[in-house]
Amino acid sequence: MADDPTDHGDVLGVARRTGDDAMPRRLVVVSNRLGNVRDLSQAGGLAVGVADALAERGGLWLGASSEHQDSGADEPPLIRMERHGRIETAALTLPREEYSAYYNGYANTTLWPLFHYRLDLVDHRQEFLQAYRQINARFAQALAGLLSGNDDLIWVQDYHLIPLAAELRRLGVRNRIGFFLHIPFPPPDLFVATPDHAELIENFLQYDVVGFQTETDVANFRRSVHATNSTSFDAAGAAEANGRTVLTKCFPIGIDVDSFARMASEAAEDVQIDSMRRQILGLKQIIGVDRLDYSKGLPGRMQAFARLLERHPEHERAATYLQIASPTREEVSAYAEIRGQLEATAGAVNGRYADLAWTPIRYIHRAVPRSRLAGLLRASQVGLVTPLRDGMNLVAMEYIAAQDESDPGVLVLSRFAGAAEQLAESLIVNPYSVDEVADAMATALAMPLNERIERHGALLKRIKRNDAAEWRRSFIKALADES
Ligand code: ADP
Ligand code: F6P
(Lines give C-alpha, C1' and ligand atoms only; values in the text may rest on other atoms or scores of the structure.)
(Ligands and ions follow the chains in the order given, each with its own letter.)
Protein backbone atom coordinates (compact mmCIF):
# COMPACT_ATOMS: atom_id res chain seq x y z
CA MET A 1 0.00 0.00 0.00
CA ALA A 2 1.46 3.33 -1.01
CA ASP A 3 1.27 6.65 0.82
CA ASP A 4 -1.33 9.09 -0.46
CA PRO A 5 0.93 11.35 -2.60
CA THR A 6 -1.19 14.38 -1.67
CA ASP A 7 -0.61 13.88 2.07
CA HIS A 8 2.51 15.96 2.46
CA GLY A 9 1.56 18.24 5.34
CA ASP A 10 3.65 17.06 8.30
CA VAL A 11 2.55 19.12 11.28
CA LEU A 12 4.68 16.98 13.56
CA GLY A 13 7.85 17.87 11.75
CA VAL A 14 8.95 14.25 11.47
CA ALA A 15 10.22 13.76 7.94
CA ARG A 16 11.96 10.83 6.28
CA ARG A 17 15.66 11.00 6.88
CA THR A 18 16.36 9.39 3.53
CA GLY A 19 14.82 10.46 0.21
CA ASP A 20 12.37 13.31 -0.12
CA ASP A 21 12.63 15.54 2.98
CA ALA A 22 9.07 16.81 2.54
CA MET A 23 7.52 13.33 2.87
CA PRO A 24 6.29 12.47 6.35
CA ARG A 25 6.98 8.98 7.55
CA ARG A 26 3.71 7.10 7.56
CA LEU A 27 2.19 6.47 10.97
CA VAL A 28 0.75 3.00 11.52
CA VAL A 29 -1.29 2.62 14.69
CA VAL A 30 -2.33 -0.78 16.03
CA SER A 31 -4.86 -1.26 18.82
CA ASN A 32 -7.22 -4.00 19.84
CA ARG A 33 -10.30 -1.85 19.34
CA LEU A 34 -10.62 0.04 16.10
CA GLY A 35 -12.30 3.41 16.69
CA ASN A 36 -15.14 4.49 14.46
CA VAL A 37 -13.34 7.25 12.55
CA ARG A 38 -16.56 8.21 10.76
CA ASP A 39 -18.13 9.20 14.07
CA LEU A 40 -15.90 9.93 17.05
CA SER A 41 -18.64 11.81 18.88
CA GLN A 42 -19.12 8.86 21.28
CA ALA A 43 -15.43 8.12 21.74
CA GLY A 44 -13.05 9.19 24.49
CA GLY A 45 -9.47 8.49 25.49
CA LEU A 46 -7.46 6.20 23.26
CA ALA A 47 -9.78 6.37 20.24
CA VAL A 48 -9.75 10.17 20.02
CA GLY A 49 -6.00 10.48 20.71
CA VAL A 50 -5.18 7.97 18.00
CA ALA A 51 -7.65 9.32 15.46
CA ASP A 52 -6.30 12.85 15.89
CA ALA A 53 -2.70 11.68 15.45
CA LEU A 54 -3.67 9.93 12.21
CA ALA A 55 -5.79 12.84 11.00
CA GLU A 56 -2.86 15.23 11.51
CA ARG A 57 -0.39 13.33 9.37
CA GLY A 58 -2.40 10.64 7.58
CA GLY A 59 -1.78 6.96 8.12
CA LEU A 60 -3.09 3.50 8.80
CA TRP A 61 -5.00 2.15 11.82
CA LEU A 62 -5.17 -1.61 12.28
CA GLY A 63 -7.50 -3.18 14.85
CA ALA A 64 -9.73 -6.16 15.48
CA SER A 65 -13.06 -6.22 13.67
CA SER A 66 -16.20 -6.50 15.80
CA GLU A 67 -17.17 -9.41 13.54
CA HIS A 68 -15.55 -12.79 14.19
CA GLN A 69 -14.87 -15.94 12.17
CA ASP A 70 -16.79 -19.02 13.26
CA SER A 71 -14.85 -21.50 11.16
CA GLY A 72 -11.52 -23.26 11.88
CA ALA A 73 -8.79 -21.16 13.46
CA ASP A 74 -6.32 -22.05 10.70
CA GLU A 75 -7.91 -19.79 8.09
CA PRO A 76 -5.97 -16.58 7.45
CA PRO A 77 -7.75 -13.56 8.97
CA LEU A 78 -9.88 -11.41 6.69
CA ILE A 79 -8.87 -7.75 6.50
CA ARG A 80 -11.43 -5.09 5.59
CA MET A 81 -9.81 -1.87 4.37
CA GLU A 82 -11.57 1.50 4.36
CA ARG A 83 -10.38 5.03 3.67
CA HIS A 84 -11.72 8.09 5.55
CA GLY A 85 -9.88 11.16 4.30
CA ARG A 86 -6.28 10.82 5.36
CA ILE A 87 -6.95 7.82 7.59
CA GLU A 88 -7.00 4.29 6.28
CA THR A 89 -8.45 1.62 8.58
CA ALA A 90 -7.83 -2.12 8.45
CA ALA A 91 -10.28 -4.30 10.42
CA LEU A 92 -9.05 -7.79 11.16
CA THR A 93 -11.64 -10.58 11.43
CA LEU A 94 -10.37 -13.09 13.99
CA PRO A 95 -11.60 -16.54 15.12
CA ARG A 96 -14.36 -16.10 17.70
CA GLU A 97 -13.23 -18.52 20.43
CA GLU A 98 -9.58 -17.63 20.15
CA TYR A 99 -10.47 -13.94 20.32
CA SER A 100 -12.55 -14.49 23.46
CA ALA A 101 -9.72 -16.41 25.20
CA TYR A 102 -7.38 -13.55 24.26
CA TYR A 103 -9.67 -10.61 25.17
CA ASN A 104 -11.89 -11.89 28.02
CA GLY A 105 -9.20 -14.35 29.05
CA TYR A 106 -5.57 -13.25 28.97
CA ALA A 107 -6.12 -9.51 28.48
CA ASN A 108 -8.92 -9.00 31.00
CA THR A 109 -8.68 -11.93 33.43
CA THR A 110 -4.89 -12.22 33.62
CA LEU A 111 -3.22 -8.92 32.67
CA TRP A 112 -5.85 -6.36 33.71
CA PRO A 113 -6.09 -7.47 37.38
CA LEU A 114 -2.33 -8.06 37.57
CA PHE A 115 -1.52 -4.58 36.23
CA HIS A 116 -4.14 -3.05 38.58
CA TYR A 117 -2.45 -4.66 41.62
CA ARG A 118 -5.28 -7.23 42.09
CA LEU A 119 -3.43 -10.53 42.35
CA ASP A 120 -6.52 -11.97 44.07
CA LEU A 121 -8.47 -11.68 40.78
CA VAL A 122 -5.78 -13.01 38.42
CA ASP A 123 -6.62 -16.27 36.66
CA HIS A 124 -3.73 -17.98 34.85
CA ARG A 125 -4.74 -20.48 32.25
CA GLN A 126 -2.56 -22.00 29.58
CA GLU A 127 -5.35 -21.66 26.98
CA PHE A 128 -5.58 -17.89 27.64
CA LEU A 129 -1.82 -17.43 27.13
CA GLN A 130 -1.89 -19.60 24.02
CA ALA A 131 -4.71 -17.51 22.50
CA TYR A 132 -2.92 -14.27 23.44
CA ARG A 133 0.21 -15.39 21.59
CA GLN A 134 -1.84 -16.65 18.66
CA ILE A 135 -3.91 -13.46 18.20
CA ASN A 136 -0.77 -11.33 18.42
CA ALA A 137 0.85 -13.52 15.77
CA ARG A 138 -2.21 -12.98 13.54
CA PHE A 139 -2.03 -9.21 14.05
CA ALA A 140 1.68 -9.32 13.11
CA GLN A 141 1.04 -11.40 10.01
CA ALA A 142 -1.65 -8.97 8.85
CA LEU A 143 0.42 -5.88 9.63
CA ALA A 144 3.56 -7.16 7.88
CA GLY A 145 1.53 -7.38 4.67
CA LEU A 146 0.26 -3.80 5.04
CA LEU A 147 3.58 -2.04 5.66
CA SER A 148 4.83 0.20 2.88
CA GLY A 149 8.49 -0.11 3.83
CA ASN A 150 11.03 0.20 6.63
CA ASP A 151 10.17 3.87 7.14
CA ASP A 152 6.66 3.36 8.49
CA LEU A 153 6.50 4.28 12.18
CA ILE A 154 4.54 1.62 14.05
CA TRP A 155 2.75 2.66 17.24
CA VAL A 156 1.17 -0.17 19.26
CA GLN A 157 -1.47 0.65 21.89
CA ASP A 158 -2.05 -1.11 25.18
CA TYR A 159 -1.82 -4.38 27.04
CA HIS A 160 -3.66 -6.52 24.50
CA LEU A 161 -0.72 -6.33 22.13
CA ILE A 162 2.48 -6.56 24.22
CA PRO A 163 3.96 -9.40 22.08
CA LEU A 164 3.30 -7.64 18.76
CA ALA A 165 6.81 -6.27 18.25
CA ALA A 166 8.39 -9.66 19.01
CA GLU A 167 6.08 -11.29 16.44
CA LEU A 168 6.90 -8.60 13.87
CA ARG A 169 10.66 -8.98 14.49
CA ARG A 170 10.23 -12.74 13.92
CA LEU A 171 8.77 -11.90 10.51
CA GLY A 172 11.81 -9.73 9.71
CA VAL A 173 10.20 -6.30 10.34
CA ARG A 174 12.98 -3.81 11.17
CA ASN A 175 10.86 -0.66 11.43
CA ARG A 176 10.85 1.49 14.53
CA ILE A 177 8.08 0.20 16.79
CA GLY A 178 6.71 2.00 19.83
CA PHE A 179 4.37 0.78 22.54
CA PHE A 180 2.16 2.82 24.86
CA LEU A 181 0.57 1.31 27.97
CA HIS A 182 -2.80 2.88 28.84
CA ILE A 183 -3.04 1.13 32.23
CA PRO A 184 -0.72 1.12 35.29
CA PHE A 185 2.38 -1.06 35.51
CA PRO A 186 2.67 -2.91 38.86
CA PRO A 187 5.69 -2.96 41.19
CA PRO A 188 8.14 -5.86 40.68
CA ASP A 189 6.97 -7.85 43.72
CA LEU A 190 3.53 -8.14 42.14
CA PHE A 191 4.70 -8.40 38.54
CA VAL A 192 6.97 -11.40 39.09
CA ALA A 193 4.02 -13.27 40.61
CA THR A 194 2.84 -14.01 37.10
CA PRO A 195 4.49 -17.16 35.76
CA ASP A 196 4.75 -15.40 32.37
CA HIS A 197 6.72 -12.39 33.61
CA ALA A 198 9.99 -13.26 31.83
CA GLU A 199 8.17 -13.75 28.51
CA LEU A 200 6.31 -10.46 28.92
CA ILE A 201 9.54 -8.56 29.66
CA GLU A 202 11.26 -10.16 26.65
CA ASN A 203 8.32 -8.97 24.55
CA PHE A 204 8.52 -5.41 25.89
CA LEU A 205 12.23 -5.28 25.07
CA GLN A 206 11.55 -5.85 21.36
CA TYR A 207 10.20 -2.29 21.08
CA ASP A 208 12.26 0.84 20.40
CA VAL A 209 10.14 3.03 22.69
CA VAL A 210 7.97 1.89 25.61
CA GLY A 211 5.77 4.67 27.00
CA PHE A 212 3.79 4.90 30.25
CA GLN A 213 1.28 7.34 31.72
CA THR A 214 3.07 8.16 34.98
CA GLU A 215 6.55 8.26 36.51
CA THR A 216 5.42 5.60 38.99
CA ASP A 217 4.64 3.21 36.14
CA VAL A 218 7.97 3.91 34.43
CA ALA A 219 9.86 3.22 37.66
CA ASN A 220 7.87 0.02 38.31
CA PHE A 221 8.61 -1.18 34.78
CA ARG A 222 12.35 -0.52 34.96
CA ARG A 223 12.58 -2.23 38.34
CA SER A 224 10.59 -5.20 37.01
CA VAL A 225 12.92 -5.54 34.02
CA HIS A 226 15.90 -5.46 36.33
CA ALA A 227 14.32 -8.00 38.70
CA THR A 228 13.61 -10.31 35.77
CA ASN A 229 16.81 -10.26 33.72
CA SER A 230 19.23 -7.78 35.39
CA THR A 231 18.97 -5.27 32.51
CA SER A 232 19.68 -1.71 33.75
CA PHE A 233 18.51 1.61 32.34
CA ASP A 234 20.70 4.69 31.97
CA ALA A 235 19.81 8.16 33.26
CA ALA A 236 17.83 8.89 30.08
CA GLY A 237 15.75 5.73 30.58
CA ALA A 238 17.41 3.72 27.80
CA ALA A 239 18.71 0.14 27.91
CA GLU A 240 20.50 -2.11 25.42
CA ALA A 241 18.57 -5.27 24.60
CA ASN A 242 18.47 -7.63 21.61
CA GLY A 243 20.96 -5.44 19.73
CA ARG A 244 18.82 -2.29 19.96
CA THR A 245 18.31 0.60 22.33
CA VAL A 246 14.97 0.55 24.11
CA LEU A 247 13.81 3.91 25.45
CA THR A 248 11.39 3.92 28.41
CA LYS A 249 9.64 7.16 29.24
CA CYS A 250 6.58 8.82 30.74
CA PHE A 251 4.19 10.43 28.21
CA PRO A 252 1.22 11.69 30.26
CA ILE A 253 -1.88 11.34 28.13
CA GLY A 254 -4.38 14.20 28.15
CA ILE A 255 -7.61 15.37 26.53
CA ASP A 256 -8.54 17.95 23.90
CA VAL A 257 -9.47 20.61 26.49
CA ASP A 258 -11.07 23.22 24.22
CA SER A 259 -13.32 20.85 22.36
CA PHE A 260 -14.55 19.23 25.59
CA ALA A 261 -15.14 22.64 27.19
CA ARG A 262 -17.13 23.69 24.12
CA MET A 263 -19.29 20.58 24.33
CA ALA A 264 -19.93 21.21 28.04
CA SER A 265 -21.06 24.78 27.53
CA GLU A 266 -23.56 23.71 24.87
CA ALA A 267 -25.40 21.35 27.20
CA ALA A 268 -28.56 19.53 26.05
CA GLU A 269 -31.93 20.92 27.08
CA ASP A 270 -32.82 18.10 29.48
CA VAL A 271 -29.50 18.59 31.34
CA GLN A 272 -30.28 22.31 31.68
CA ILE A 273 -33.79 21.59 32.96
CA ASP A 274 -32.43 19.08 35.48
CA SER A 275 -29.86 21.54 36.80
CA MET A 276 -32.44 24.38 36.99
CA ARG A 277 -34.71 22.08 39.01
CA ARG A 278 -31.85 21.40 41.43
CA GLN A 279 -31.06 25.11 41.68
CA ILE A 280 -34.65 25.86 42.64
CA LEU A 281 -34.59 23.08 45.25
CA GLY A 282 -31.17 24.23 46.50
CA LEU A 283 -29.71 20.78 45.73
CA LYS A 284 -26.02 20.28 44.94
CA GLN A 285 -24.91 17.44 42.70
CA ILE A 286 -21.92 15.16 43.17
CA ILE A 287 -21.05 13.18 40.01
CA GLY A 288 -19.07 10.05 39.10
CA VAL A 289 -18.66 8.79 35.52
CA ASP A 290 -16.85 5.51 34.96
CA ARG A 291 -16.90 2.18 33.20
CA LEU A 292 -18.30 -0.32 35.71
CA ASP A 293 -14.86 -1.69 36.57
CA TYR A 294 -13.68 -2.99 39.94
CA SER A 295 -10.60 -0.76 39.61
CA LYS A 296 -12.80 2.36 39.93
CA GLY A 297 -13.68 1.87 43.61
CA LEU A 298 -17.41 2.44 43.05
CA PRO A 299 -18.93 0.59 46.05
CA GLY A 300 -16.49 2.41 48.37
CA ARG A 301 -17.49 5.72 46.79
CA MET A 302 -21.18 5.04 47.50
CA GLN A 303 -20.35 4.07 51.09
CA ALA A 304 -18.42 7.34 51.41
CA PHE A 305 -21.50 9.25 50.25
CA ALA A 306 -23.55 7.49 52.94
CA ARG A 307 -20.83 8.39 55.48
CA LEU A 308 -21.07 12.04 54.34
CA LEU A 309 -24.74 12.00 55.24
CA GLU A 310 -23.96 10.42 58.63
CA ARG A 311 -21.08 12.72 59.56
CA HIS A 312 -22.41 15.90 57.94
CA PRO A 313 -26.22 15.67 58.24
CA GLU A 314 -26.62 19.19 56.83
CA HIS A 315 -26.22 17.56 53.39
CA GLU A 316 -29.30 15.36 53.82
CA ARG A 317 -31.82 16.52 51.19
CA ALA A 318 -29.26 19.13 50.09
CA ALA A 319 -26.88 16.95 48.04
CA THR A 320 -27.47 14.20 45.54
CA TYR A 321 -24.97 11.78 44.03
CA LEU A 322 -25.29 10.85 40.35
CA GLN A 323 -23.23 7.82 39.31
CA ILE A 324 -23.09 6.94 35.62
CA ALA A 325 -21.42 3.57 35.20
CA SER A 326 -21.31 2.13 31.70
CA PRO A 327 -21.44 -1.64 31.16
CA THR A 328 -18.08 -3.16 30.26
CA ARG A 329 -16.50 -6.64 29.78
CA GLU A 330 -19.67 -8.33 30.98
CA GLU A 331 -18.47 -11.82 30.01
CA VAL A 332 -15.73 -11.63 32.65
CA SER A 333 -17.03 -12.88 36.03
CA ALA A 334 -15.36 -10.20 38.19
CA TYR A 335 -17.37 -7.56 36.29
CA ALA A 336 -20.69 -9.33 36.93
CA GLU A 337 -19.79 -9.44 40.64
CA ILE A 338 -18.95 -5.74 40.90
CA ARG A 339 -22.26 -4.89 39.23
CA GLY A 340 -24.20 -6.87 41.81
CA GLN A 341 -22.22 -5.31 44.63
CA LEU A 342 -22.82 -1.77 43.36
CA GLU A 343 -26.55 -2.27 42.86
CA ALA A 344 -26.83 -3.64 46.41
CA THR A 345 -24.90 -0.69 47.86
CA ALA A 346 -26.97 1.92 45.97
CA GLY A 347 -30.17 0.15 47.08
CA ALA A 348 -29.05 0.03 50.71
CA VAL A 349 -28.12 3.74 50.85
CA ASN A 350 -31.32 4.84 49.12
CA GLY A 351 -33.37 2.48 51.30
CA ARG A 352 -31.92 4.11 54.41
CA TYR A 353 -32.08 7.81 53.41
CA ALA A 354 -34.53 8.40 50.54
CA ASP A 355 -37.87 10.11 51.03
CA LEU A 356 -40.58 11.23 48.62
CA ALA A 357 -38.76 14.43 47.67
CA TRP A 358 -35.16 13.21 47.58
CA THR A 359 -33.28 10.25 46.09
CA PRO A 360 -29.75 10.40 47.53
CA ILE A 361 -28.07 8.22 44.86
CA ARG A 362 -29.10 8.24 41.23
CA TYR A 363 -27.40 5.30 39.55
CA ILE A 364 -27.41 4.94 35.76
CA HIS A 365 -25.96 1.73 34.33
CA ARG A 366 -25.52 2.85 30.73
CA ALA A 367 -23.18 4.75 28.43
CA VAL A 368 -24.25 8.37 27.96
CA PRO A 369 -23.55 10.40 24.77
CA ARG A 370 -20.43 12.50 25.27
CA SER A 371 -22.13 15.85 24.72
CA ARG A 372 -24.67 15.06 27.45
CA LEU A 373 -21.89 13.77 29.70
CA ALA A 374 -19.99 17.03 29.30
CA GLY A 375 -23.11 19.00 30.27
CA LEU A 376 -23.70 16.80 33.33
CA LEU A 377 -20.11 17.27 34.49
CA ARG A 378 -20.50 21.04 34.19
CA ALA A 379 -23.76 20.97 36.12
CA SER A 380 -22.16 19.14 39.08
CA GLN A 381 -20.58 20.93 42.03
CA VAL A 382 -18.31 17.99 42.92
CA GLY A 383 -16.57 15.47 40.62
CA LEU A 384 -15.59 12.16 42.20
CA VAL A 385 -12.76 10.17 40.62
CA THR A 386 -11.72 7.70 43.31
CA PRO A 387 -10.22 4.54 41.77
CA LEU A 388 -8.37 2.01 43.90
CA ARG A 389 -5.74 1.94 41.14
CA ASP A 390 -6.02 3.29 37.64
CA GLY A 391 -4.10 4.37 34.56
CA MET A 392 -4.63 8.09 33.97
CA ASN A 393 -8.37 8.73 34.48
CA LEU A 394 -9.15 11.08 31.66
CA VAL A 395 -12.55 11.67 33.19
CA ALA A 396 -10.82 13.76 35.91
CA MET A 397 -9.51 16.06 33.18
CA GLU A 398 -12.91 16.11 31.48
CA TYR A 399 -14.48 17.28 34.75
CA ILE A 400 -12.01 20.19 34.96
CA ALA A 401 -12.43 21.14 31.29
CA ALA A 402 -16.24 21.10 31.59
CA GLN A 403 -16.46 23.63 34.46
CA ASP A 404 -17.70 27.20 34.25
CA GLU A 405 -14.51 29.15 35.04
CA SER A 406 -16.43 31.79 36.98
CA ASP A 407 -18.20 29.25 39.22
CA PRO A 408 -16.30 25.96 38.99
CA GLY A 409 -16.91 22.70 40.82
CA VAL A 410 -14.34 20.82 42.90
CA LEU A 411 -12.55 17.62 41.89
CA VAL A 412 -12.07 14.92 44.55
CA LEU A 413 -9.33 12.65 43.23
CA SER A 414 -7.83 9.38 44.44
CA ARG A 415 -4.11 9.41 45.11
CA PHE A 416 -4.05 6.12 43.15
CA ALA A 417 -5.38 7.64 39.92
CA GLY A 418 -2.60 8.30 37.39
CA ALA A 419 -3.84 11.89 37.09
CA ALA A 420 -2.96 12.54 40.76
CA GLU A 421 0.71 12.95 39.74
CA GLN A 422 -0.32 16.13 37.90
CA LEU A 423 -3.55 17.41 39.42
CA ALA A 424 -2.23 18.53 42.81
CA GLU A 425 -4.83 21.29 43.27
CA SER A 426 -7.71 18.82 43.44
CA LEU A 427 -8.72 17.36 46.82
CA ILE A 428 -6.50 14.27 46.91
CA VAL A 429 -7.89 11.36 48.94
CA ASN A 430 -7.11 7.80 49.91
CA PRO A 431 -10.06 5.81 48.48
CA TYR A 432 -9.52 3.04 51.04
CA SER A 433 -10.58 5.48 53.77
CA VAL A 434 -14.35 5.94 53.63
CA ASP A 435 -14.14 8.72 56.24
CA GLU A 436 -11.49 10.64 54.30
CA VAL A 437 -13.52 10.55 51.06
CA ALA A 438 -16.68 11.59 52.95
CA ASP A 439 -14.88 14.53 54.57
CA ALA A 440 -13.39 15.60 51.22
CA MET A 441 -16.91 15.67 49.75
CA ALA A 442 -18.02 17.88 52.64
CA THR A 443 -15.03 20.19 52.11
CA ALA A 444 -15.78 20.39 48.40
CA LEU A 445 -19.48 21.14 48.93
CA ALA A 446 -18.62 23.97 51.33
CA MET A 447 -15.62 25.43 49.49
CA PRO A 448 -15.83 29.22 48.98
CA LEU A 449 -15.93 30.60 45.44
CA ASN A 450 -12.47 32.26 45.54
CA GLU A 451 -10.77 28.99 46.53
CA ARG A 452 -12.69 27.05 43.88
CA ILE A 453 -11.66 29.54 41.20
CA GLU A 454 -8.03 29.45 42.32
CA ARG A 455 -7.80 25.65 42.37
CA HIS A 456 -9.67 25.28 39.08
CA GLY A 457 -7.50 27.87 37.32
CA ALA A 458 -4.35 25.99 38.30
CA LEU A 459 -5.80 22.64 37.23
CA LEU A 460 -6.98 24.02 33.89
CA LYS A 461 -3.49 25.31 33.18
CA ARG A 462 -2.04 21.87 33.87
CA ILE A 463 -4.44 19.95 31.62
CA LYS A 464 -3.87 22.46 28.82
CA ARG A 465 -0.10 21.98 29.11
CA ASN A 466 -0.34 18.17 29.03
CA ASP A 467 -3.13 17.79 26.50
CA ALA A 468 -3.81 15.09 23.91
CA ALA A 469 -1.85 16.92 21.19
CA GLU A 470 1.25 17.18 23.39
CA TRP A 471 0.97 13.47 24.24
CA ARG A 472 0.92 12.28 20.65
CA ARG A 473 3.54 14.78 19.47
CA SER A 474 6.03 13.81 22.15
CA PHE A 475 5.50 10.09 21.63
CA ILE A 476 5.82 10.26 17.85
CA LYS A 477 8.91 12.43 18.18
CA ALA A 478 10.56 9.81 20.41
CA LEU A 479 9.41 7.03 18.08
CA ALA A 480 10.88 8.78 15.07
CA ASP A 481 14.10 9.17 17.09
CA GLU A 482 14.17 12.91 16.50
CA SER A 483 14.28 14.00 20.13
P1 ADP B 1 -10.84 4.03 31.36
O2 ADP B 1 -9.93 4.20 30.19
O3 ADP B 1 -10.33 3.04 32.36
O4 ADP B 1 -12.25 3.71 31.00
P5 ADP B 1 -10.69 6.96 31.68
O6 ADP B 1 -11.28 7.84 32.73
O7 ADP B 1 -9.26 7.24 31.35
O8 ADP B 1 -10.89 5.45 32.16
O9 ADP B 1 -11.48 7.12 30.32
C10 ADP B 1 -12.83 6.83 30.26
C11 ADP B 1 -13.48 7.53 29.08
O12 ADP B 1 -14.75 6.95 28.87
C13 ADP B 1 -13.70 9.01 29.35
O14 ADP B 1 -13.55 9.71 28.14
C15 ADP B 1 -15.15 9.05 29.85
O16 ADP B 1 -15.83 10.26 29.57
C17 ADP B 1 -15.77 7.92 29.07
N18 ADP B 1 -16.87 7.30 29.85
C19 ADP B 1 -16.77 6.69 31.05
N20 ADP B 1 -18.00 6.27 31.47
C21 ADP B 1 -18.86 6.63 30.53
C22 ADP B 1 -20.28 6.51 30.38
N23 ADP B 1 -21.05 5.92 31.31
N24 ADP B 1 -20.84 7.01 29.26
C25 ADP B 1 -20.08 7.60 28.32
N26 ADP B 1 -18.76 7.76 28.39
C27 ADP B 1 -18.14 7.28 29.48
O1 F6P C 1 -7.93 1.95 30.20
C2 F6P C 1 -7.57 1.06 29.19
C3 F6P C 1 -8.63 0.96 28.12
O4 F6P C 1 -8.17 0.15 27.07
C5 F6P C 1 -9.03 2.33 27.61
O6 F6P C 1 -8.15 2.83 26.69
C7 F6P C 1 -10.42 2.08 27.13
O8 F6P C 1 -11.22 3.24 27.15
C9 F6P C 1 -10.94 1.07 28.11
O10 F6P C 1 -9.82 0.38 28.62
C11 F6P C 1 -12.01 0.22 27.47
O12 F6P C 1 -11.69 -1.12 27.36
P13 F6P C 1 -12.38 -2.15 26.36
O14 F6P C 1 -11.74 -1.98 25.03
O15 F6P C 1 -12.09 -3.48 26.98
O16 F6P C 1 -13.85 -1.85 26.32
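Which residues surround ligand 2? In this predicted model, where local features need pLDDT of at least 70, side-chain atom pairs count only at pLDDT 80 or more, and totals for chains, interfaces and linings use all residues, ligand 2 is surrounded by Arg33, Leu46, Tyr103, Trp112, Asp158, His182, Ile183, Arg291 and Arg329. A residue counts as near a molecule if one of its heavy atoms lies within 4 Å of it. Residues are numbered from 1 along each chain as its sequence is written, chains are lettered from A and ligands numbered from 1 in the order in which they are written, and side-chain values use heavy atoms, with hydrogens and water left out.

By class, the shell around ligand 2 holds four nonpolar, one polar and four charged residues. Here Ala, Val, Leu, Ile, Met, Phe, Trp, Tyr, Cys and Pro count as nonpolar, Asp, Glu, Lys and Arg as charged, and the others, Gly among them, as polar. An N or O atom in the side chain of Arg33 is 2.8 Å from an oxygen atom of ligand 2, and a polar side-chain atom of Arg329 also lies 2.8 Å from an oxygen atom of this ligand. For the side chain of Asp158, an N or O atom is 3.0 Å from an oxygen atom of ligand 2. Taken alone, ligand 2 exposes 390 Å², of which the protein buries 75%; such accessible areas come from the Shrake-Rupley method with a 1.4 Å probe.

Ligand 1 has 16 residues around it, and Arg291, Lys296, Val368, Leu394 and Glu398 come nearest. Arg291 is also listed around ligand 2. The shell around ligand 1 divides into seven nonpolar, three polar and six charged residues. An oxygen atom of ligand 1 is 2.5 Å from an N or O atom in the side chain of Glu398. A nitrogen atom of the ligand is 3.4 Å from an N or O atom in the side chain of Ser326, and a nitrogen atom is 3.5 Å from a polar backbone atom of Asp290. Taken alone, ligand 1 exposes 570 Å², and the protein buries 82% of that. Strand S10 (284-291), strand S11 (319-326), helix H12 (370-378) and helix H13 (394-402) each give two or more residues to this shell; helices (H or I, at least four residues) and strands (E, at least two) are DSSP runs, numbered from the N terminus.

Definitions and conventions: Polar contact = N/O pair within 3.5 Å; in protein donor to acceptor, adjacent residues only side chain to side chain.
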